[in-house]
2 protein chains.
Amino acid sequence: MMRVQEEKKLTMEDVAKELGVSKTTVSRAVSGKGRIGEETRKRVLEYIEQHNYKPNQAAGEPVHNRTYNIGMVLQTDMLTSELPFFPKALKGIGETAEKEEYNVIMTLVDSNDFSGLVRVIENHKVDGMILMRTLQDDQPAAMLKKSGIPFVTIGLSDDPQIYQVDNDHVDACRELTSILLLKGMKKIAVVSGDRNHVINRKRLEGFYQAHQDMGIPYDASLIFTDIDSEAFACGAAERILQRSADCMIGADDLLTGYLLKKLEEENVRIPEEMRLASFHDSQLLKSAKNGITAIKFNIEELGREACKVLLRRMRGEEAAHITKLSYEVAMRESTKW
Amino acid sequence: MMRVQEEKKLTMEDVAKELGVSKTTVSRAVSGKGRIGEETRKRVLEYIEQHNYKPNQAAGEPVHNRTYNIGMVLQTDMLTSELPFFPKALKGIGETAEKEEYNVIMTLVDSNDFSGLVRVIENHKVDGMILMRTLQDDQPAAMLKKSGIPFVTIGLSDDPQIYQVDNDHVDACRELTSILLLKGMKKIAVVSGDRNHVINRKRLEGFYQAHQDMGIPYDASLIFTDIDSEAFACGAAERILQRSADCMIGADDLLTGYLLKKLEEENVRIPEEMRLASFHDSQLLKSAKNGITAIKFNIEELGREACKVLLRRMRGEEAAHITKLSYEVAMRESTKW
């Protein structure tokens with residue numbers, strides 16, 4: 001009987017009640033964080049050891065092997081892209097993590113090779129993880145879920161159990177498209193990247209919504225997806241010109257840069273003969289002669305928020321499952337009508 | 001007597017000799033890396049435990065607490081800069097590290113706050129470190145040296161004991177300047193960044209050397225250093241125009257971008273009225289109407305080399321103290337004479 005009693009899983013409440021201290025005190029003793037007297041700490045830890053208390057791993061309070069590392073799961077193309085998304089997100093994450101004395105540790109994955117992530121999980125190298133991109137049928141997310149390590153995604157997920165932080169790409173693209181439609185543009189083309197990335201699906205979703213809201217049909221022959229090189233972007237631009245669209249939206253600044261170059265080569269005047277708008281608003285388009293209309297996101301803030309949600313999860317605190325951050329639509333010369 | 005005997009520091013050779021195995025076998029047993037029979041491994045480890053053998057920390061073979069992490073010491077401005085130096089270097093470092101199952105861990109420092117680095121050192125979070133920038137009177141380097149953690153700098157150091165990897169900035173800038181002088185330019189201006197960064201000193205050194213080699217004096221009133229904003233760059237450009245220079249060298253693509261913008265605003269034609277050259281060759285200048293002459297470095301390779309030197313150091317193997325990587329001078333439209 002006694003043995004069974006001892007093996008029953010003690011909760012933090014049981015420990016607090018038994019010792020006549022608050023739950024916070026128990027939590028502080030266990031986590032080693034926050035102010036607590038040395039004697040109380042010892043008392044709590046001794047009691048826990050004697051009574052076989054295992055803090056709830058799912059609540060993110062492992063007693064042993066706390067690494068003080070947060071993992072960042074990166075796709076290699078985030079490092080080769082000249083879009084400054086990754087460094088800015090890292091700045092937000094890194095500075096937020098450092099405030100609580102956590103370091104950020106990198107794991108590179110690509111669509112065929114998740115071995116780096118497996119190694120980090122199996123070797124208990126992190127206390128929590130941030131997935132830097134969400135995918136359709138997201139294998140890294142599934143692996144993390146199975147591992148029990150608290151994690152947060154940057155990018156939305158259809159899985160309501162996953163903690164996710166993102167800019168509101170649907171709404172941002174809906175807003176941009178509505179304004180362009182209100183201005184009178186009727187044939188708007190979209191040149192977008194990998195459909196396997198949830199972010200690209202969300203942007204298209206917003207584009208469709210704006211058309212639906214205003215009862216204006218979109219032209220499916222003007223939607224180009226999975227465009228991942230300058231050559232493909234040029235090919236898309238050629239067909240868009242042939243089909244007499246009046247506006248192009250590049251779903252990121254690199255794609256928009258390619259479109260811009262192609263339009264310049266073809267001597268198509270912006271905005272007189274073709275309107276052009278972009279997602280993100282990096283230095284890449286700053287050198288364009290005329291200002292390029294663009295949706296602007298605060299990527300550092302995105303990193304900070306994702307890290308804050310993760311830290312809350314790691315402490316077993318409440319956090320919003322879905323955090324959607326805002327955006328700004330900067331209307332400039334390139335979409336004058 | 002016996003106690004003294006036991007406390008004498010055993011070397012790897014002693015262990016190998018005593019057990020009749022090779023030094024490699026001892027090393028493999030200690031590091032847990034490489035092929036070795038389970039029985040032999042146990043025999044070596046038991047002997048070591050009984051005889052109080054402490055592997056030489058300086059040789060980078062700690063028995064305990066191997067973290068399989070490599071630290072990357074970053075300055076915050078590397079994350080805010082839109083120059084893609086940091087992501088490219090990380091790609092080279094990360095991929096090289098992953099091959100040996102190491103992860104890369106970030107530590108942010110700035111000129112006033114090295115607490116992140118202190119924490120990483122004190123908490124033994126890494127087996128080795130890469131300093132991403134060298135400074136005059138380099139405090140992070142001094143801290144790492146004192147800690148005994150193997151480390152490598154990206155960027156040169158005057159301290160011959162420090163393992164350092166860099167592109168040859170002196171020679172690259174000497175080469176570029178020589179070609180410009182050979183083409184007939186006589187009044188070449190330089191707009192350069194923080195003199196506290198060794199890299200900026202090295203670039204100027206190359207500029208001076210080229211003049212010296214060819215017996216052509218340079219004009220000290222055309223050298224602008226510590227230029228760290230668009231406003232300062234514009235101010236420098238104004239004075240350079242007033243002083244009738246025939247060429248400007250921007251010591252990085254951001255600075256060159258500012259100079260380019262200013263020249264366009266002032267309707268100064270390139271190359272007819274002013275020649276322009278740059279360091280690095282990022283996407284930032286790709287959208288310039290005419291090609292901009294630039295020195296090109298392979299930053300991924302720089303990351304890979306630094307990581308390889310570090311891994312060698314961590315294994316206690318020989319490595320070159322100074323590794324200088326090459327460069328390419330891409331002569332383009334902007335310096336036609």
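**Entry 1: the interface.** I began with a salt bridge (a side-chain nitrogen of Lys or Arg within 4 Å of a carboxyl oxygen of Asp or Glu): B:R119 forms one with A:E98, and their closest N and O atoms are 3.8 Å apart. Between chain B and chain A I count 2 salt bridges.

Before going on I noted the conventions. This is a predicted model, in which local features need pLDDT of at least 70 and side-chain atom pairs count only at pLDDT 80 or more, while totals for chains, interfaces and linings use all residues. Residues are numbered from 1 along each chain as its sequence is written, chains are lettered from A and ligands numbered from 1 in the order in which they are written, and side-chain values use heavy atoms, with hydrogens and water left out.

I then looked up which elements of chain B face chain A. Helices (H or I, at least four residues) and strands (E, at least two) are DSSP runs, numbered from the N terminus. Those that give two or more residues to the side of chain B that touches chain A are β1 (69-75), α5 (77-80), α6 (85-99), β2 (103-109) and α7 (115-122) of chain B. The largest share, 8 residues, comes from α6(B). By type, I find 15 nonpolar, 11 polar and 9 charged residues on this side. Here Ala, Val, Leu, Ile, Met, Phe, Trp, Tyr, Cys and Pro count as nonpolar, Asp, Glu, Lys and Arg as charged, and the others, Gly among them, as polar.

How many residues are in contact? For heavy atoms within 4.5 Å, I get 35 residues of chain B against 35 residues of chain A. The two chains bury about 3000 Å² between them, 55% of it on carbon and sulfur atoms; this is the accessible area (1.4 Å probe) lost on putting the two parts together, summed over both.

Entry 2: Two strands pair if DSSP finds at least two bridges between them. In this pairing A:I105 stands opposite B:I105.

**Entry 3: a sheet in chain B.** I traced 6 strands in an open, mixed sheet, in the order β7-β6-β8-β9-β10-β12. At its edges stand β7 (223-224) and β12 (328-330) of chain B, each with a single partner strand, so one side of each has no neighbour in the sheet. The partner I checked for β7(B) is β6 (residues 188-191) of chain B, which runs parallel to β7(B) and is joined to it by 2 bridges. B:V190 stands opposite B:I223 there.

**Entry 4: backbone geometry.** I kept one general point in mind: most residues other than glycine have a negative phi, and most peptide bonds are trans. The bond joining A:I270 and A:P271 is cis, with omega about 5°. A:P271 lies in the loop between α12 (253-265) and β9 (275-279) of chain A. In chain B, the bond from B:I270 to B:P271 is cis, with omega near 5°.

A:H124 sits in the loop between α7 (115-122) and β3 (128-131) of chain A, and A:D137 in the loop between β3 and α8 (139-147) of chain A. Are they buried (under 20% relative accessible area) or exposed (over 50%), with partly exposed in between (1.4 Å probe, protein chains only)? A:H124 is exposed at 56%, and A:D137 is exposed at 70%.
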